[in-house]
Structure formats: C-alpha cells, structure tokens
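Work through these exercises with the structure open beside you. Try each task before you read its solution.

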Amino acid sequence: MSPAAVGVGPAESGLRLRRGRGRMKAAGTAVSGPELAAGDGGLCPKLTPQSKPKIPEQVMGWLLLAAVTTLAFATRFHRLHEPAHVCWDETHFGKMGSYYINRTFFFDIHPPLGKMLIGLAGYLSGYDGTFPFQKPGDKYKHHNYIGMRGLCAFLGSWLIPFAYLTVLELSKSRPAALLTAALFTFDTGCLTLSQYILLDPILMFFIMAAMLSMVKYNSCADRPFSVSWWFWLSLTGISLAGALGVKFVGLFIVLHVGLNTVSDLWQLLGDLNLTMVTLGKHLAARILCLIVFPLILYTAIFAVHFLVLNKSGPGDGFFSSAFQSRLLGNNLHNASIPEHLAYGSVITVKNLRMASGYLHSHCHLYPEGVGARQQQVTAYQHKDYNNLWIVKKHDVNTDPLDPSFPVEFVKHGDIIRLEHKETSRNLHSHQHEAPMTRKHYQVTGYGVNGTGDSNDFWRIEVMNRKSENRIKVLRSQIRLIHLATGCVLGSSGKTLPKWGWEQLEVTCTPYLKETPNSVWNVEDHINPKLPNINLDVLKPSFMEILLESHMVMIRGNSGLKPKENEVTSKPWHWPINYQIIWWLNLGSIGLYLLLGSLTTVSMQRGIQLTAEVKGLCQVLLRGGGQVLLGWLLHYFPFFMMGRVLYFHHYFPAMLFSSMLTGILWDTILRFFASYLSPFPLANWVHIFGISLLILGIAYSFYLFHPLSYGMIGPLAQDPQSPMAGLKWLETWEF
C-alpha cells in the first residue's frame, strides 16, 4: 500500500502512475480536460505552464505548515504549569527521571529511552532529582518540573505537523492534511497526554516520525539511492529504534514498516527492467537501514542505561545476583567469597522469579489446618539471617568444616540436605497440600538439630552447566528436586496471610517444567576452608545483562494485573467514549471499509470511471489503506494481551484513525464536487464541507477543553466546576 496520485488524467494525456507508487510524470505538454492539481486543495481547470503560480503555491504550503505547527505548540504549552502537583502516572515516570539524575538503578516494564529523555530534560532544566514523587496530589513547590513536562509537550506538539505532512504525502491534498491536523490539534485526550510527564507523547512522536519517514521514502521510489531516498530510509530506521526504545508496543510500527518494505521489494522483483544486482542493492539498503541500524541504536540505548544507572537502588531485587554485583553500594559489589559450593558452606539461595526473594524460614509454625503443623518455609525479599542455610550430605551428619575432613565440592546430581542455620531444621516436603497453591506440595522445616527423615533429601541440578559440574556462586542456575516425591522446589509468588507475615509462598510443584519460579542461584557463600575470589570476575557480560533485562521486562509486563477498584479499559470499550472526534473516527472506519469494498469491486469489474474519479479511488485505496493498516496493527493486538490495559494504550491507534478520517472525508467531498462539476458552485461543495468539519471539531474542543485545562477549581460534580454539564452520557467518568 503506497501513496497514490490524485487526478490521473486520460491515457492520451501522457500522465501515468509508476508501479502504483503515486508519482506523476509528464510525458507531454498538451493535456486536455480538467485535472486535479496535486496539493492545490480543490478541483480546478488545468493552468497553462505560463500561469502556474509555483512560488506562491510553495509559499502557501510553508505558511500553512507553520500555522499548523504554531497552533500545535500553543495548545500543548498553554497552562503547562497547571496543576502544580503530581498528576496520575507522573508518580512513576517523574520518579524514574529522578533516578537517572541520581544514577540509581530501578526497574520498569518498558525499555529505557523515554525515561532517559525525561531525566535528561529535568537535568538540563535545573531539576536536582530530589522530589520524591510519592503519590498524585503532592505539591511540587520549589522543584522545577516544567522541564520534564516541557519535553513531553514539545514532542507531543510535533504529532500535528507530522500528521499533516503524512496525509499530504498520501493524498496530495492540503484540505485532507488540514482536516487531519484539526483532528489531532483539537483532541483533548491527545492534548492531555502531551502535557504531563508520561511516556505516551514520546512513544507517539517516534511512531508518527516513522510513519512520515516511511511515506516520504516511498515517494522517492523513482529516485532510488538518491540523497533524499537514503535520508528518509535512514530516518525511518532511527524512528523505529526510538519507538521500540520507549515501549514494546513500538513493535507495531516496526511491523507496519516491515510489511510496507516486503510489499515494496515484491513490486521491485516484478520490475523486469531491474537487474539482480540492483535488486540486491535494494535489499541490502533496507536490511542496513531498517534492521541493522535500528538494532545498533536500540542496543546503544541500553548501553547508556546501564552505564548511567550504576548505583544500587530499588530495582536490584528484580534481577539476578550476578546482575546486582555490578551495582555500586550493593552488598555483592566487589565482595570476596568462595567461588564453588562445598559441603559445610553457609549460603543464601535466591529465586530467579522476578522479585520473588530468598529461601527463608523462621521459628513460626504453619497454623492449624494448613498442611502439617511444622515450621514455615517462605520466600523473603530482604536480606535476613533467617535466609541462611547449611549445605550437608544427605546421609552424613558429621561436621564438614572439621579440619580433618577434606574439602568436597557439591556437584550436579548430588543428593543434599539443607539445614536452616538459625533453627537447625531441614528443608522438607511431603504430600500435604501447599497453603495457597492447589496441587502443589507443602514445604516446611522439619527435624531436630539436623536430624529428620528421608523427606529432607533433595537432588541438585545445574540447568546452565557446560562442562563443569560444580556449583558456582551467582552464575549457576540450580533446581532442587525432592527425592521422595519428585517435585521441584519453587516460589509461587503468592503472598501468604498474616500468619505467614505476608511473605511469599514456597511450594514443591509436581510439574517439572523449567520456569523462573523453580530455578535458584546461590548468592551469599561462607566457607572458611575455601579461598575467596572477588566477585568482579563473575560479573555478567553486556549481552548477558541485556538479555536478562529483557526477560525481566517481559515477565513484568505479562504479570501486570488490575488493582482493586482500578479503572481499566478493554479493547472493545474504545473508542466509543466521550468526544465527537472519536465518534467521527469510529464512523469513518466503518464507512471507509464500505466505500473501499465498493471501489475495489467497481475497478475489478471494469466499470468506466472518469480520470478524476480513478485518481480519487487510488488515494482512497492506497493512501487510506496505508493508514488503515496502521490502525489495525495498533489496535487489534490488544485483544490478545493478557495484561491489564488502560485507556492510554489505544492512543497510537487513534492517530491512524484520525489520519484515515482526514483522507476519507476529503475524498468523499471531492467525489461530490466531481459529479457536480457542471454546476457553477461545484468547487464550493468540497471547500464548504471541509470547513464545516474543521469548525465542528474546533467547536467540540471549545466545549470540552476544560477536560484538558480544567485541572483547577471545583471537581466535575460541583455545579461551579468548568466541567459541569459536559457529561452527556451517564457512563462517562470525569
């Protein structure tokens, strides 16, 4: 799907479409009959070469773009300082900007670029990173927050000129571009997202930049390998890296560009005038600019992220022990401990499930009616003496630290016993049901002074071993298989009731599938008979921490569930909501599908159409089809997501539906003007229709602008509120 020319003339006119790419080339000078001048905004008689006002047209184009851009910035920066307190997700992303300024490591489910830019904006504007961002409503007082909001407003403002230029390129119609710009400018939702410290305006900036760059390099198809062609192709790759670097939903625009590229290469393959060498150059250029270059930039984003956040912080516990050893201030940083696990070692065992914690026990028993009334075993997320365990042989009760005994290392496949250091009870399991997770077995502490029974025996397995069978601290990923029942020790991640001190449940699962819940690593390690090594030599490589960070982000994303009484949004809820613009978009999608189907069938059946109507059909199918594809790719994947979804997730799809609305209604009005061409006021049908739509959208904004700028004064329920009376439907929530 590529941009198409408007107003393709008759065959004898010498105007043609190059492989459907929408580039018009004149092969002759004498053209008869009316044609639609590209970009003139209306149907008009053909002007002679001497009378074409080329310079005024260009000047008009630049003036309109300047006006659109100025209005965009004015609406986004108006009252940017209000309210002077934390709003909504500023709690999260403002705090994360502070972490970058303070170089404190944290965890988030999204890639780092958006937060890095927020932190950079705060730093450059004089914010010192000391505001706590604890909860919505906290006053900023003397702290400088305008720089971070200003970055989001700045990037959000560029959505309007980007949309204007994209639709202008796809339709060759300034009225269509102006209608689209009005839809973007006067959308209260898009405006609101652009005025706060959020990731959404940053994400949408890169999505629209990628879309604009893609249609621009499509328009350079007749000038391959020219400077402008390379510029737009490279800028597309940069924008893709930016979108993916802000949020993983940037994958949708990556897929959009990928499908466009496949279609483009398929058309080139059908051009018999191109040699295989030239085809190879086209393929190599796209691989370089759209795959290799974006991957390098995306990786560089994480390299900067890890370089800046080098201090221990609230994100440590989400990552492995080896990862934590890199961070200044972490107890593992530059620590010296024995490298390989031996019998008699005192250790802590950390679960690899995100934020699950350490294997832990304490002197409290399970309550009556919860399995066997034995000592509780839990997962605890903090450092504690009750996390310490002694590694012993399963069938020997002598002290392995006795100087008369030689050192014996623990190996893959060994059967061991873990004795809790503080209470001298063994890690134990049996076929009693776990307290929270059905069909899992209970895990307890059992025995007296290390003496228990055969249910205390565990076989240790190293999941990532290569040639060596020894257990290496930090790096070896181990599983503990219960010898009697065959179940696997794991942490379900479920929080126990108050009797379990609200720590996390540990179970023994009979399902042997390898998951992070059932994989552990040795973190602390004390053994006076072994030499110590500096943990610096065990630090993971950059590629290892890059892979781990992505695994943690993916697990964090999939694990997001709605909180109690939290307002969420299902995909089918949207965009049937409160504003006329979105209702117009929704109706336009249905109307486009109907008209697009009728147009396709008509052209396939060979129905005779005028040259002007054929040109409009090309715009409708190719230009409209391009943005419809963008809407589909940014909307329907949410139906397949299991994580909690919020209203703001659908705004990228709204961008594409707004562009589709602009193209559709401009084309419909041109159709009417074309059929009414014998009448003297035919051209005014198009002009009047576009003007009426823009005025209606502006009036909608006038009515609902308190939703964006009304964050002061009484609440919406108060009759004195600027939002009073705006609630047209009972289902609306302000």
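Helices (H or I, at least four residues) and strands (E, at least two) are DSSP runs, numbered from the N terminus. This is a predicted model: local features need pLDDT of at least 70, side-chain atom pairs count only at pLDDT 80 or more, and totals for chains, interfaces and linings use all residues. Residues are numbered from 1 along each chain as its sequence is written, and side-chain values use heavy atoms, with hydrogens and water left out.

**Exercise 1. The largest cavity**

Task: Find which helices each supply at least two residues of the lining of the largest cavity.

Solution: 
- Start with the rule. On a 1 Å grid over the protein atoms alone, a cavity is a set of points where a 1.4 Å probe fits but cannot get out; lining residues have an atom within 4 Å of a point.
- Grid points are joined across faces, edges and corners, and a volume is the space filled by probe spheres set on the points.
- Count. There are eight cavities of 30 Å³ or more.
- Take the largest cavity. Its volume is about 110 Å³.
- List its lining. It has 14 residues, and Phe106, Asp108, His110, His305 and Met553 lie nearest the centre.
- Now the helices. They are H11 (276–308) and H13 (542–558). H11 gives the most, with three residues.

**Exercise 2. Strand E14**

Task: Is strand E14 (residues 504–509) largely enclosed or open? Find its partners too.

Solution: 
- Set the cut-offs. Buried means under 20% relative accessible area, exposed over 50%, partly exposed in between (1.4 Å probe, protein chains only).
- Apply them. Six of the six residues of E14 are buried, so the strand is largely enclosed by the rest of the structure.
- Check both faces. Leu504, Val506 and Cys508 point one way, while Glu505, Thr507 and Thr509 point the other way.
- Look for partners. Two strands pair if DSSP finds at least two bridges between them.
- Strand E6 (residues 375–380) pairs with E14 in the antiparallel sense over two bridges. Here Thr378 stands opposite Glu505.
- Strand E10 (residues 441–446) is also antiparallel to E14, over two bridges. Tyr441 has Cys508 as its bridge partner.
- Strand E13 (residues 488–495) pairs with E14 in the antiparallel sense over five bridges. Ser491 stands opposite Val506.

**Exercise 3. The disulfide**

Task: Which cysteines does a disulfide join?

Solution: 
- Use the cut-off. A disulfide is a pair of cysteine sulfur atoms within 2.5 Å.
- The structure holds one. It joins Cys487 to Cys508, with S to S at 2.0 Å.
- Cys487 lies in the loop between strand E12 (478–482) and E13, and Cys508 in E14, so the pair ties together parts that are 21 residues apart in sequence.
- Find the hand. The torsion about the S-S bond of Cys487 and Cys508 is about 95 degrees, so the disulfide is right-handed.
- Check burial. Cys487 and Cys508 are both buried.

**Exercise 4. Nonpolar cores**

Task: Which members of the largest nonpolar core touch the most other members?

Solution: 
- Define it. A nonpolar core is a set of buried Ala, Val, Leu, Ile, Met, Phe, Trp, Tyr and Cys residues joined through side-chain atoms within 4.5 Å.
- Name them. Among the 106 residues of this core, they are Ile118, Phe133 and Met659.
- Find the top source. Helix H8 (residues 200–219) gives the most to this core, with 14 residues.
- Look beyond it. Another core, of 36 residues, lies apart, including Leu427 and Trp520.

Key:
1 Å grid on protein atoms, 1.4 Å probe; cavity = no way out; pocket = protein on both sides within 12 Å on 5 of 7 lines; lining within 4 Å.
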